[in-house]
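Subject: Structure handover

Hello,

Here is the structure you will be working with.

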Amino acid sequence: MQKILNIQTRGRGTYDLSPDLARCVRESGIDSGLCHCFVHHTSASLILCENADPDVRHDLETFMGNLVPDGDPMFIHIDEGEDDMPAHVRSILTQAGISIPITDGRPGLGTWQSLYLWEHRLHPQQRRITLTLIAG
Amino acid sequence: MQKILNIQTRGRGTYDLSPDLARCVRESGIDSGLCHCFVHHTSASLILCENADPDVRHDLETFMGNLVPDGDPMFIHIDEGEDDMPAHVRSILTQAGISIPITDGRPGLGTWQSLYLWEHRLHPQQRRITLTLIAG
Amino acid sequence: MQKILNIQTRGRGTYDLSPDLARCVRESGIDSGLCHCFVHHTSASLILCENADPDVRHDLETFMGNLVPDGDPMFIHIDEGEDDMPAHVRSILTQAGISIPITDGRPGLGTWQSLYLWEHRLHPQQRRITLTLIAG
């Protein structure tokens with residue numbers, strides 16, 4: 001069983017997918033198994049991140065911005081701007097796909113754990129995500 | 001089929017989960033499929049790492065300690081100490097979940113490959129891990 | 001259902017596995033589900049990367065070479081040369097295993113998304129990969 005999410009981002013930043021995830025798991029009727037989430041792009045990714053203090057995601061942006069600076073002259077793939085190649089690197093340092101256990105008919109996330117889409121491009125993008133639900 | 005591991009860590013460092021993994025796969029009776037391992041926290045993660053020379057995991061700590069220094073003044077989320085935000089970043093640069101093939105009733109790891117829990121907090125923690133076993 | 005790929009690398013660099021992936025999915029006859037790809041080594045990894053402009057993978061090598069320099073004196077595990085420990089770190093910062101949705105009997109990759117084996121050792125190596133295909 002697969003479901004598609006189409007997420008319109010407002011540019012670089014994190015977008016909480018946990019409500020969508022919970023809804024898709026509930027609709028599947030699966031009690032125990034896996035939900036695999038997959039973003040079909042190479043300049044956005046998925047992360048599991050602390051969900052209580054927004055400063056965590058702020059600091060994460062600061063860290064990644066320092067690690068992979070926009071406009072770094074080491075990059076030659078700059079066709080779509082100074083954030084083009086950094087977006088690819090940031091995606092590869094995180095993950096396009098994450099599987100989450102389904103337990104008692106719900107996503108088995110920890111108390112402080114939420115699933116986020118991380119948009120790495122500066123400008124708004126349309127992002128497609130496939131959820132594959134497997135009973136186990 | 002799901003199994004829970006509760007791991008008491010002694011603080012930052014790596015903890016070999018391969019014996020637990022092998023036991024859970026054996027108990028499942030699954031001959032071929034996947035074992036998905038998932039840590040329900042955002043300040044500890046899972047890695048597959050070389051298992052022959054402990055210096056590899058020593059060097060890995062050195063590298064990560066330099067890449068994401070405890071107490072770095074760039075971080076504002078410091079409620080739980082200087083290792084708080086670095087633990088979140090280190091988790092996101094590695095993985096909360098890893099799937100391992102089951103082949104011939106055993107985890108299909110390479111000869112030099114073991115599964116480790118990587119505790120990123122300096123102090124001891126109780127960590128919960130869910131294993132989801134799927135025949136395929 | 002599992003399939004094995006044996007890939008002979010020519011040393012550090014990326015190797016497109018997408019044709020092998022498509023063939024294995026087709027041969028499985030699975031219409032909807034997951035294909036889990038897993039490399040049984042700790043000095044090579046899998047990535048999903050932009051496939052249109054080879055400069056992306058060139059820049060990725062430049063970035064990773066700067067982030068984890070061969071011969072960095074911080075590393076003490078250097079038995080097999082200056083690229084030994086960097087190969088382990090590069091593997092852990094990326095992934096040994098990646099699951100890809102199967103949709104309509106094909107790998108559900110995005111238009112610009114291909115699966116690559118990333119060889120991190122400087123010299124040629126024989127790499128073993130297991131694909132586990134699960135209907136869902």
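R121(C) is buried, with a relative accessible area of 9%. The model is predicted, and the values here are computed from it. The side chain of R121(C) forms a salt bridge with that of E80(C), at 2.8 Å from N to O. E80(C) sits in the loop between α2 (54-67) and α3 (84-93) of chain C, and R121(C) in the loop between β7 (113-119) and β8 (126-135) of that chain, so the pair ties together parts that are 41 residues apart in sequence. Is E80(C) buried or exposed? E80(C) is exposed, because its relative accessible area of 54% is over the 50% cut-off.

Chain C has another salt bridge to look at, between R127(C) and E119(C), whose closest N and O atoms are 2.8 Å apart. R127(C) is buried, with a relative accessible area of 4%. E119(C) is buried too, with a value of 0%; buried means under 20%.

Next, chain B. Which residue forms a salt bridge with D70(B)? The partner is R12(B), and the closest N and O atoms are 2.9 Å apart. This pair links distant parts of the chain, 58 residues apart: D70(B) is in the loop between α2 (54-67) and α3 (84-93) of chain B, and R12(B) is in the loop between β1 (2-8) and β2 (13-16) of chain B. D70(B) is partly exposed, with a relative accessible area of 26%. R12(B) is also partly exposed, at 23%.

In chain A, salt bridges link K3(A), D20(A), R23(A) and E27(A) in a network. Over all chains, the count comes to 24 salt bridges.

H40(B) counts as buried because its relative accessible area is 7%, under the 20% cut-off. What does the side chain of H40(B) make a polar contact with in chain B? The contact is with the side chain of T130(B), at 2.6 Å. A polar atom of the H40(B) side chain also lies 2.8 Å from the backbone oxygen of G108(A). Leaving aside residues up to four places away in sequence, H40(B) touches P101(A), G108(A), L109(A), G110(A) and Q113(A) from chain A, and R128(B), I129(B) and T130(B) from chain B.

Regards

Technical notes:
Residues are numbered from 1 along each chain as its sequence is written. Chains are lettered from A and ligands numbered from 1 in the order in which they are written. This is a predicted model: local features need pLDDT of at least 70, side-chain atom pairs count only at pLDDT 80 or more; totals for chains, interfaces and linings use all residues. Side-chain values use heavy atoms; hydrogens and water are left out. Buried means under 20% relative accessible area, exposed over 50%, partly exposed in between (1.4 Å probe, protein chains only). A polar contact is a pair of N or O atoms within 3.5 Å; within protein, one must be able to donate a hydrogen and the other to accept it, and residues adjacent in sequence count only if both atoms are side-chain atoms. Contact means heavy atoms within 4.5 Å. A salt bridge is a side-chain nitrogen of Lys or Arg within 4 Å of a carboxyl oxygen of Asp or Glu. Helices (H or I, at least four residues) and strands (E, at least two) are DSSP runs, numbered from the N terminus.
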